[in-house]
Amino acid sequence: MAIGSGLGAQLGIAAESAYGTFVAPTRFVEFTKESLVLKKTTAQSAGIAAGRLLALSSRRVLTRREVSGSIDLEVTNTGMGLLLQALMGTSVTPVQQATSDAYLQTHTLADTAGKSLTIQKGVPLTTGVVTDKSFLGCKVISAEFSCEVGGMLTASYEFDGKDCDETQTLATASYPAMAPFHFGQMGIKAGSYGTETALDGIRKVSVKIERPQAVERFYAGQAGLKKEPISNDQVKITGTLETDYVATALDDLHTSDAATSLVWEFVGANIASTYYDTFRVTLPAIRIDEGPPVVDGFDVVKPTYQFTGLYDGTNQPMIEYISTDATL
């Protein structure tokens, strides 16, 4: 028996080979909160019958089903690959570094067609019995990563899904050894792509990647369920840099509206040789939208720069992840 509260909950994920077809979880993620739910649309018959004062229960129908919600978690040095692949779209096979236990995943921005997940949620009753809710056809709609002074690197993933299946067997959760990335490991660089240099004075960074999709693909003959969402707009990348005003580099970029490459990375423990646990976001071209410094009191001036990520014409945004994971 599990603990009869959120302490006994679990989340398992697996990549689907066909949209909306259950795959037993192969990875279990440690999360801080989630809001995945089944959303249903019903219709009630309104037919008039002599003397009937209340609508008939038997004349209510379920016309469509879908899933929505989010998962918040700390980004750790293992187990993040499936979520990153579903977000970025590239089919990734971890590449062993030399003959070490380190494996590099390179998640380059691409279309997310065919990239859906089964997410199985275990929800404990107060008795300690854990109920199964398996969410099928989960597509990442957006993800936001954030880290500030004294904090962990966190991520919030938003999902759209096809259906909820409560007939599957709840998988037994298992968790590999893992450690969270955090502010003490954080660095940020800017400049020409491939030769970026460190920025000083950065207190907080957030990056949001949105994957707009047509999520209303409900057709006749589908039993009220949707077909796989299709990308229907350009990817949107935005972010913020909260700083102390230690130099004018970012201020100058705001003034000129010039582009710069931005590299945001976390380098953790040594795995082997020259390979370290790493989480790295590379945005080859950003432009700063707003955030010129203002003085609002006696304290250190603290501009917050808001930026948009764009395509530099050659290099795609990517997330690199070095871990001991030999598979996603």
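Residues are numbered from 1 along each chain as its sequence is written, and side-chain values use heavy atoms, without hydrogens and water. In this predicted model, local features need pLDDT of at least 70 and side-chain atom pairs count only at pLDDT 80 or more, while totals for chains, interfaces and linings use all residues.

Q: How many aromatic pairs does the structure hold?
A: Rings of Phe, Tyr and Trp (its six-membered ring) pair if their centres lie within 6.5 Å; planes under 30 degrees apart count as stacked, over 60 as edge-to-face and the rest as tilted. The number of aromatic pairs in the structure is eight.

Q: Which kind of aromatic pair do phenylalanine 28 and tyrosine 175 form?
A: Their ring centres are 6.4 Å apart. The angle between the planes is 70 degrees, and the pair is edge-to-face.

Q: Is phenylalanine 28 buried or exposed?
A: Buried means under 20% relative accessible area, exposed over 50% and partly exposed in between (1.4 Å probe, protein chains only). Phenylalanine 28 has 8% relative accessibility, so it counts as buried.

Q: Why is the pair of tyrosine 157 and phenylalanine 159 stacked?
A: The ring centres of tyrosine 157 and phenylalanine 159 are 6.3 Å apart. The pair is stacked because the planes are at 20 degrees.

Q: Which residues does leucine 36 contact, leaving aside its neighbours within four places in sequence?
A: Leucine 36 lies in the loop between strand S3 (31-34) and strand S4 (37-44). Leucine 36 is buried, with a relative accessible area of 1%. With contact meaning heavy atoms within 4.5 Å, and those neighbours left aside, the residues are Ser68, Gly69, Ser70, Ile71, Ile119, Lys121, Phe135 and Phe159.

Q: At what distance from the ring centre of phenylalanine 218 does arginine 64 lie?
A: A charge sits over a ring if NZ of Lys or CZ of Arg is within 6 Å of the ring centre and within 35 degrees of the ring normal. Arginine 64 lies over the face of phenylalanine 218, and the distance is 4.2 Å.

Terms used:
Helix = DSSP H or I, 4+ residues; strand = E, 2+ residues; numbered from the N terminus.
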